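Subject: Handing over the model

Hi there,

Here is the structure I promised to pass on to you. Please have a look at it first, and then read my notes below.

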Amino acid sequence: LEPVPDALAATRIQAAARGRHARQQLHASQASAVKVQAALEGWAKAKAKCGGNYEYTVGFTSAFGFGHTTTIVVKANKVVERRYEEFNRREPPRPGVKPPGFVEKGADVGKNKKGAPAKTLDEIYAQAGKVAAQALRPSERRYVRTDKNGLLTSCFIIDTRIADDAPRKGVAIGQIKLAVAGNAKIYKAPNGKAFPVHWGAP
């Protein structure tokens with residue numbers, strides 16, 4: 001018969017393993033927090049430069065080919081429009097037929113239940129900061145990504161035990177488009193007064 005491992009030795013091995021995992025968690029959390037903080041500082045400068053005028057997308061694509069994309073339009077740091085579109089790569093729409101979706105503007109923004117919520121990047125990035133500092137379980141992995149301009153696009157946690165379409169806990173943005181200063185179009189009412197920017201186009 002093989003000798004039975006010493007109980008005390010086994011306990012020490014388990015404690016050492018827990019210690020290593022705790023140190024790895026701490027290092028991962030610190031690295032994520034640093035990367036997110038750097039991206040947020042870059043966002044503060046970019047937001048000032050574009051005057052709080054931008055749009056971004058949030059999407060989902062299933063491993064089976066279907067999904068949806070939401071585009072959020074922000075003017076003067078207020079959400080003024082939300083566009084939602086569904087797709088199925090295995091069954092594309094017939095020519096001339098628009099895919100399922102909707103467009104919300106003004107007071108109607110956020111009325112539909114489908115799609116990503118109507119939030120500004122400031123609101124989304126506040127959530128990202130919390131996700132970056134969150135402790136991970138042994139089965140979890142955190143992803144933090146930025147775009148070519150250094151703006152944060154991903155900060156989420158997934159359970160690695162789930163193979164397909166694992167839920168993402170946190171922030172995942174597809175693309176961010178910033179308005180170029182001085183190119184914003186001004187819309188005017190019949191009396192000659194300009195519409196407030198956050199109303200959007202008439």
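A word on the ground rules first. This is a predicted model, so local features need pLDDT of at least 70 and side-chain atom pairs count only at pLDDT 80 or more, while totals for chains, interfaces and linings use all residues. Residues are numbered from 1 along each chain as its sequence is written, and side-chain values use heavy atoms, with hydrogens and water left out.

**The overall picture**

The chain has 2 helices and 8 strands; these are DSSP runs numbered from the N terminus, with helices being H or I of at least four residues and strands being E of at least two. Along the sequence they follow the pattern α-β-β-β-β-α-β-β-β-β. Of the 202 residues, 29% count as buried. Here buried means under 20% relative accessible area, exposed means over 50%, and partly exposed lies in between (1.4 Å probe, protein chains only). The chain exposes about 13700 Å², and carbon and sulfur atoms supply 55% of that; accessible areas come from the Shrake-Rupley method with a 1.4 Å probe, and for residues only the protein chains shown count as cover. Among contacts between residues at least 6 apart in sequence, 50% join residues at least 24 apart, where contact means heavy atoms within 4.5 Å.

**Around strand β1**

Strand β1 spans residues 54–61. With strand β2 (residues 66–75) it pairs in the antiparallel sense over 8 bridges; two strands pair if DSSP finds at least two bridges between them.

Together with F64 and F66, F60 makes a nonpolar surface patch of about 280 Å². Patches are made of residues with over 30% relative accessible area and no salt bridge; like charges are joined within 9 Å, and nonpolar side chains (Val, Leu, Ile, Met, Phe, Trp, Tyr) within 5 Å.

**Salt bridges**

A salt bridge here is a side-chain nitrogen of Lys or Arg within 4 Å of a carboxyl oxygen of Asp or Glu, and by this rule the count comes to 7. One of them joins the side chains of D122 and K47 at 2.9 Å, N to O. This pair links distant parts of the chain, with D122 in helix α2 (residues 121–133) and K47 in helix α1, 75 residues apart. D122 counts as partly exposed at 31% relative accessibility, and K47 is partly exposed too, at 23%.

E86 and K114 form another, with the closest N and O atoms 3.0 Å apart. Since E86 lies in strand β3 (residues 78–88) and K114 in the loop between β4 (101–105) and α2, the pair ties together parts that are 28 residues apart in sequence. E86 is partly exposed at 21%, and K114 is partly exposed at 49%.

There is also a bridge between E81 and R83, whose closest N and O atoms are 2.8 Å apart. E81 is buried at 15% relative accessible area, whereas R83 is partly exposed at 30%. Salt bridges that share partners join E55, E81 and R83 into one network.

**The two helices**

S32 is found in helix α1 (residues 7–50) and is buried, with a relative accessible area of 10%. Its side chain makes a polar contact of 3.1 Å with that of R142. A polar contact is a pair of N or O atoms within 3.5 Å; within protein, one must be able to donate a hydrogen and the other to accept it, and residues adjacent in sequence count only if both atoms are side-chain atoms. Leaving aside neighbours within four places in sequence, S32 is in contact with A132, R142 and V144.

In helix α2 you will find G129, which is partly exposed at 31% relative accessible area. The C-alpha atoms of G129 and V171 are separated by 9.8 Å, while the two residues are 42 apart along the chain.

Best wishes
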